[in-house]
Each structure stands twice: as C-alpha cells, then as structure tokens.
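Please examine the structure shown below. The paragraphs that follow lead through selected parts of it in turn.

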Amino acid sequence: MPNKNKKHKFRLFSAVLATVCIILVGDAVAPTAAIGNSQYLWWIIMLIGFFVPYGLISAELGTQYPSEGGMYTWIKKAFGPKWAGRVAWFYWVNYPLWIASLADLVTTYLLQMLGVEMTWSLILAIQVGYILLVSVLGVLRISQSAWLSNLGAFAKFIFMAGLGALGIYVLVTQGSANPIESWTDLLPMVGADGKFDFTGLGFVALIIFNMLGFEVVSTFSDDMENPKKEIPKAVILGGILIAVFYLLASFGIGVAIPLDQIPTDSGLLDSYQILLTTIGFSAAAIKAIIVVVGGLFIYTLVANISSWNFGVNSVIAYAAEDGTFPKSWAKRNKDGVPYVVSIWTGVVALVIAITGIIVAEFFPEISNLFWTFFSLSLVCLLLSYLPMFMAFLKLHKKGPAVKNGYWINGGKIKIALFGIVPFLLLLVALFFTLFPSFEADVIKDNLPLIIGACIAIVLGEIMVNRRRKDSKPTKTISKTTKTKKSTKRVAAKSSR
C-alpha cells in the first residue's frame, strides 16, 4: 500500500524544519519586539524557565506515550477524560481564532505590498480563499506535506535573518530607534523611572506563545523512522534555531521603529521599509523587496497552519472518540487524517473572519482585528497547556512507560522544578494578559477579552460535562458486557 510507505519518509531533517515552521511564527515577531530592550533578558529567563523544560517534557511524554492524540492522550492518562476534554476544547477554540487572525493579517500585508485600497468584498474573498486553502491542507498527513513546512521554515529563515542583518548594519552605521541609554533598559519589569513595574509581566505571554508547539511534533511519531531519538533531537536543534531567528527579527524591528510606534500587525514589513530607506535604497528597489518579503511572509502563514493542522486535528479526533466533541469529528480519510474536524474548524474560522469584516465595515474605529482575534486565541491556547505540566509530574513519578523512550533524568527537586516553574509562568502569563494593569481604563479596554475568555470557559464546561455524561452509559455497558463475557469464557475453560 502506498500510504504505508509514506509514513516512513519524515526524517530528522524534516522534523527539525517542521519544528521550526510550527513554533517560529512570524506573526508574533512585531508584538514581541514591542517589549523593548528588556526582551533580550526576558528571552534568557524564558528559555531557561519555560522553553527548555517544556521542550524536554514534550519529548519525554511524546516518546513514553506515543500517540497522534498528543496532549489529549497525556492528560487523559494522568487525570482522566474530563480534564483531557477541557484541554482539547481550549486547544481547538484557539485554532479557528488564530486562523481568522492570520486571514486578517494576509489582507493587511497584501494591502501594504500592493499599495492599493481594498473593498470589503475583495477583503472577504482573500480571507475566504486563505481559510479554504489551509482547510484543504488540513486533510494531509505531515509526511505528505513535509515539503510545504520545509519551504516554510526556509522562508522564515530568509526574511527573519534579512531583517536582523539590516538591523545590525543600521545600528552600527546610524544607530537605533530605541538606544540602550542605561543598564536598567535591559531589565524586565523596570519602568522608565527606574522603579519596579509589574505590568512588564504581561510580556511573558508573548514570549511563551513564541515557544509553543513542541507537543505537535510528538504527534508526528507515526510518520518517523525512529521517533524516540528523532523527537528529542528535533526539539533541541529546532529550539536553538527558533531562539536565534526570533531574536534577529525582533532586534531588527527594534532598531527600525520606536517602541510606542510598533504596529502589532504590519511591524515586520514596516521595519523592512524603514531600514531600507535609511540605508539609501531606491523606491523601486524597496517596493520590489517588500513584495518579495511580503510574499514569503504570506507563504509562511499558509505553511505554519498546515504544520499545525495534523497535530491539532488529531488531538480533537481523539477527544471526539471519547465523546467530548461530536463523534463525526473523529472520522478519518484513507490516510488516517481526521477530516471532519478540519472542515468544522474552517467553517468556524470563516464565521469569525466574516463577522470581523462586518464589524470593521460598520465600526471603523476597531482598526486592529488581528490583535483582537490573536489575544483571545492566545488566552485559550495558554489555558490548554496548564494541565500538561502537572500531568508530567504525575506520569514521571510512575516511571518509564516504554523501555527505550526519552527520559528526563534527575532528582526530585529537578523534576519538580521542570513541572512547577513553567506552570507558574503560564499562570502569570494568563493573568497579566487578561489584566495588564489594575487601572480602571485598562481593565475597561480589556473587557471584551475578559468576557470572551469567560464565555470560552463556560462553553467548555458545558460541552465537556454534557458530552461525557452522554457517552458514559454506552462505555459503561460496553465494559461491563465485555467483563461478563470474558468471565464466562474463563469459567467455561476452567470447567473443561
């Protein structure tokens, strides 16, 4: 069968590039650059406190409990199907919101690249086209679309390294838009007056978002020759590349644009234009480069989602089999890819995108739909990861589940820190994303996000409890029947 052969063509090289394509997301570079010069120390803190533990934990759980169900399988083994259902719910809700935010970002970049005014009908056509494209790609296994993620990784390398190189040149020759005036500029949570500023903790969420996705790599285990060795290597090698290119790109943006003027959506192309103008490129050359870089960026937005598709859809399919989602969402095509969930994800993303276009048409003061969708997506994504670290502590305590799987060695203190520190950082990130400040005006501005998060939590509880309740009788009867049958067989054999 041809499909069986395809499963063994996803090598370490492709796994590393897929890791980079999944985790290295260009859409989050500009918001991260807005952190300022303290971002470099923030990155060091988060690399040690979150990135390394999270990556190695994903490698251990992914090889000790290999499954296309990923996080769902791990949480279920540790805490049962109800908690696994909650994780799957938030994991899925984040996804169509993220796709809709990227669809809006595609139109923003096309408008900037081409320099033309777009009617709402053209914006609608572009966003619908993007969502349909990534939904179609969602019915491919990662081994079938490895070329897409490989090219996506290289595209990210090109425009992020290019931005970093331009930033270095301009810094050396003409200086930075955000110069380091004192050593306190590099310190996290220190305000302009040199005093402690806890609002800096809101930046934690952005950096964590830039690090998420290692658990998706673990869902590729069935497509790898030797996942027990390749997954940890992909995590380590991919992690190094990801950190380097994030810092290069955000550095370039920081050199080009003052912090208070960095746009969260078009910051990357704006930085290219400013840096090229500063160096002295002609208008025609700048326009050509912007078109090329913008085209590469848009391609990565397609490749990025295609890399996430199989991982997210597999988690949801496993949840559907357990009754958290409709049973039809567990249906797979001949290649074993869940396709119904991909269709529904695309439908929901379309509804969100269309709603956003209508809102923007009648309420033009709402100018940054990307950031609106992205923020709620971020909250839901962070919520889905919280139980993972507690599940690691519980499952690790039981000892290795397989003989040759990856295992984090160390004493009780090291293992406890690996689970607790990332968990606490996630809690901090969530809280300060929802409440970046305790000032009344800031809370009021963030009220839509807070209400959206509360609605997502309530709907998740309703869905998880209802679906589990509906599915329990069938499963209980089935298990009881099987037990009775096996008991009768044993008794019959004994009497013989």
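Helix 13 covers residues 283–321 of this predicted model. This helix has 39 residues, and from its first C-alpha to its last it reaches 56 Å, close to the 57 Å expected at 1.5 Å a residue. Gly323 follows the helix, and its phi is positive, near 100°.

The next topic is the packing of two other helices. Two packed helices are described by the angle between their axes and the distance between the axes. Helix 6 spans residues 81–114 and helix 14 spans residues 340–362; the two pack at an angle of about 55°, and their axes lie 8 Å apart. Helix 6 contributes Trp92, Tyr95, Pro96, Leu97, Ile99 and Ala100 to the contact, while helix 14 contributes Val341, Trp344, Thr345, Val348, Ala349, Ile352 and Ala353. An α-helix has 3.6 residues a turn, so residues three or four places apart point the same way. The crossing of helix 6 and helix 14 is right-handed.

How confident is the prediction? The mean pLDDT of the chain is 81, and 86% of its residues reach 70 or more. Over residues 1–8, however, the pLDDT is below 50, and this stretch has 12 contacts in the model beyond near neighbours in sequence. Residues 472–496 also stay under 50 in pLDDT, and the model gives them 3 contacts beyond four places in sequence. Where pLDDT is low, the predicted coordinates should not be read in detail.

Terms used:
Residues numbered from 1 in each chain as written. Predicted model: local features only at pLDDT ≥ 70, side-chain atom pairs only at ≥ 80, totals over all residues. Heavy atoms only, no water. pLDDT = per-residue confidence, 0-100. Contact = heavy atoms within 4.5 Å. Helix = DSSP H or I, 4+ residues; strand = E, 2+ residues; numbered from the N terminus. Expected span 1.5 Å × (residues − 1). Axes fitted to C-alpha atoms, helices over the stretch in contact; angles between N-to-C directions. Left-handed = near helix turned anticlockwise from the far one by under 90°.
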